[in-house]
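Student: I would like to learn how to read a model of this kind, one feature at a time.
Tutor: Then put a question to each feature, and we will take the general idea before the case.

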Amino acid sequence: MIKKFILSISLLFSLASLAQEGTASPYSFYGIGEVRFKGTIENRFMGGLSILPDSIHLNIQNPASYSDLKLTTFSVAGSFNASKLRTATVDDKAQRTTLDYLAVGVPIGKKFGASFGLIPYSSVGYKIKSSKIVDNISQESSYNGSGGLNKVYVALAYKVNKNFSVGADLNYNFGTIEAQSYTSKKNVELITSEARNSEMSGVNFNLGAMYQTKISPKLEAYSSFVFSPSANLKTTNSLLLSALSASGSTYQANDVIETETTIKMPTKVSFGVGVGQARKWMFGAEITSQQSSDFTNRFSDYTKGTYEDVTKYSFGGYYLPNYSSFTDYYKKVTYRAGLRFENTGLVIFNESIKEQAASLGFGFPLGGTFSNLNIGVEYGKRGTRKANLVQENFLNVMISLSLNDLWFVKRKYD
């Protein structure tokens with residue numbers, strides 16, 4: 001187990017650069033980019049539900065879940081995204097392969113659990129072109145961006161009693177966003193170039209609670225609550241304005257302008273409930289609310305983009321035919337499915353950018369261990385073709401590996 005952990009850590013750092021180009025969405029133009037982390041792969045297969053405590057899987061969305069871990073759990077995940085981008089007049093396609101997260105969870109005695117890991121949280125990756133008439137002169141502009149925000153976290157959970165757990169995590173956020181724009185006018189030889197670079201860093205934390213109880217000899221009820229208070233990201237910005245010739249060589253470059261600003265990460269609250277039979281099936285629903293209406297768009301002068309509060313609804317569950325079967329492997333496979341609906345908080349030309357998706361996944365046990373391989377798909381839609389905006393139809397193929405072992409056990413024999 002330890003050798004596999006070290007190997008996966010090495011893999012993480014070799015693939016870390018992928019996290020900086022994890023999207024091709026034009027909507028990553030806004031704010032800190034497209035938020036890519038929507039929960040662990042197992043939870044995403046259930047529409048993003050974070051209500052279920054689990055002894056062999058990580059639930060990174062709710063830090064209270066770690067107190068239920070029975071084995072040391074190492075989880076790594078990645079995904080392949082294929083998108084079809086459509087406006088009222090133009091179609092295009094894009095593909096991306098990304099690393100989604102790497103995390104470790106460790107049980108500590110009978111009451112505590114801890115976790116730490118790295119999450120590529122958001123990504124910027126857009127290429128936008130526009131044409132318009134300004135003072136009777138034809139003007140063309142292009143915008144390119146890359147980068148994103150990453151999180152390193154540590155978490156601790158405590159089981160108050162057999163039904164109730166609480167937990168908290170601390171996150172260090174860091175990343176860089178690079179953006180370039182070029183503007184040319186008809187019959188004007190020089191092209192205006194603008195290069196922006198924003199380095200972000202800051203700390204935030206999440207508080208979580210979970211409660212489960214029996215409502216009949218076989219049925220259990222689950223509930224989950226997560227509170228994420230607002231936090232600030234310190235941002236160091238640089239801006240370079242240049243005039244380029246048509247061949248691309250610099251004609252004139254101004255001095256770099258440097259400023260420091262603060263991005264406010266909005267308050268977020270999640271609450272979910274579910275019902276099920278332990279190690280057999282579960283169905284639940286969850287609502288998430290985020291106060292994004294006061295978020296500032298760094299390109300508002302061009303896009304006229306504003307923000308509204310986010311509301312997300314998640315529905316899903318799992319079915320496990322017979323976890324202890326010795327004769328039929330497929331009865332030990334976990335089947336998961338879910339739906340989610342949300343407004344992303346972004347408003348462009350008075351159109352709310354909404355997203356909806358359906359997911360289906362399978363958890364395959366590995367050998368005679370508690371480790372498992374999870375594979376599945378998510379199909380959805382983001383945006384609209386109204387007001388000459390972009391509608392994205394996307395397919396995510398997701399895979400995660402959850403390795404489980406017993407660590408820190410004192411040997412009885414040398």
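Student: Start with pairing. In β8, which residue is the bridge partner of L207?
Tutor: Two strands pair if DSSP finds at least two bridges between them. Strands (E, at least two residues) and helices (H or I, at least four) are DSSP runs, numbered from the N terminus. Here the bridge partner of L207 in β8 is F227. The strands concerned, β7 and β8 (residues 220-228), are antiparallel and share 8 bridges. They form a hairpin with 5 residues between them.

Student: Before going on, what sort of model is this, and how are its residues counted?
Tutor: It is a predicted model, in which local features need pLDDT of at least 70 and side-chain atom pairs count only at pLDDT 80 or more, while totals for chains, interfaces and linings use all residues. Residues are numbered from 1 along each chain as its sequence is written, and side-chain values use heavy atoms, with hydrogens and water left out.

Student: What is the mean pLDDT of the chain?
Tutor: pLDDT is the predictor's confidence in each residue, from 0 to 100. The chain has a mean of 87, and 88% of its residues reach 70 or more. Over residues 4-20 the pLDDT is below 50, and that stretch has 23 contacts in the model beyond near neighbours in sequence. Contact means heavy atoms within 4.5 Å.

Student: How many helices and strands are there in the chain?
Tutor: The chain holds 3 helices and 19 strands. Among contacts between residues at least 6 apart in sequence, 66% join residues at least 24 apart.

Student: Back to β7. Which other strands does β7 pair with?
Tutor: On one count, β7 (residues 191-214) is antiparallel to β6, over 20 bridges. These two form a hairpin with 5 residues between them, and N187 in the turn has a positive phi of about 70°. β7 is also joined to β9 (residues 231-244) by 11 bridges, again antiparallel. R196 of β7 is the bridge partner of A179, and R196 also stands opposite L239 in β9.

Student: How far apart are the C-alpha atoms of L241 and S181?
Tutor: They are separated by 9.8 Å, although the residues are 60 apart along the chain. L241 belongs to β9.

Student: Which residues have the most contacts inside the largest nonpolar core?
Tutor: A nonpolar core is a set of buried Ala, Val, Leu, Ile, Met, Phe, Trp, Tyr and Cys residues joined through side-chain atoms within 4.5 Å. The largest here has 37 residues, and Y27, I60 and Y66 have the most contacts inside it. Strands that each supply at least two of its residues include β2 (72-86), β3 (91-108) and β16 (334-348). Apart from it lies another core, of 8 residues, among them I51, L52, M282 and Y318. As for I60, the residues it touches beyond four places in sequence include F37, Y66, Y101 and D169.

Student: Why does S123 count as buried?
Tutor: S123 counts as buried because its relative accessibility is 0%. It is found in β4. Its side chain makes a polar contact with the side chain of R36 at 3.1 Å. A polar contact is a pair of N or O atoms within 3.5 Å; within protein, one must be able to donate a hydrogen and the other to accept it, and residues adjacent in sequence count only if both atoms are side-chain atoms.

Student: What does the side chain of S402 reach?
Tutor: The side chain of S402 reaches the backbone oxygen of I56 at 3.3 Å. S402 lies in β19 (residues 391-405) and is buried, at 1% relative accessibility.

Student: Where is R279, and what is its phi?
Tutor: R279 is in the loop between β12 (268-277) and β13 (281-290). Its phi is positive, about 60°, although R279 is not a glycine.

Technical notes
Buried means under 20% relative accessible area, exposed over 50%, partly exposed in between (1.4 Å probe, protein chains only).
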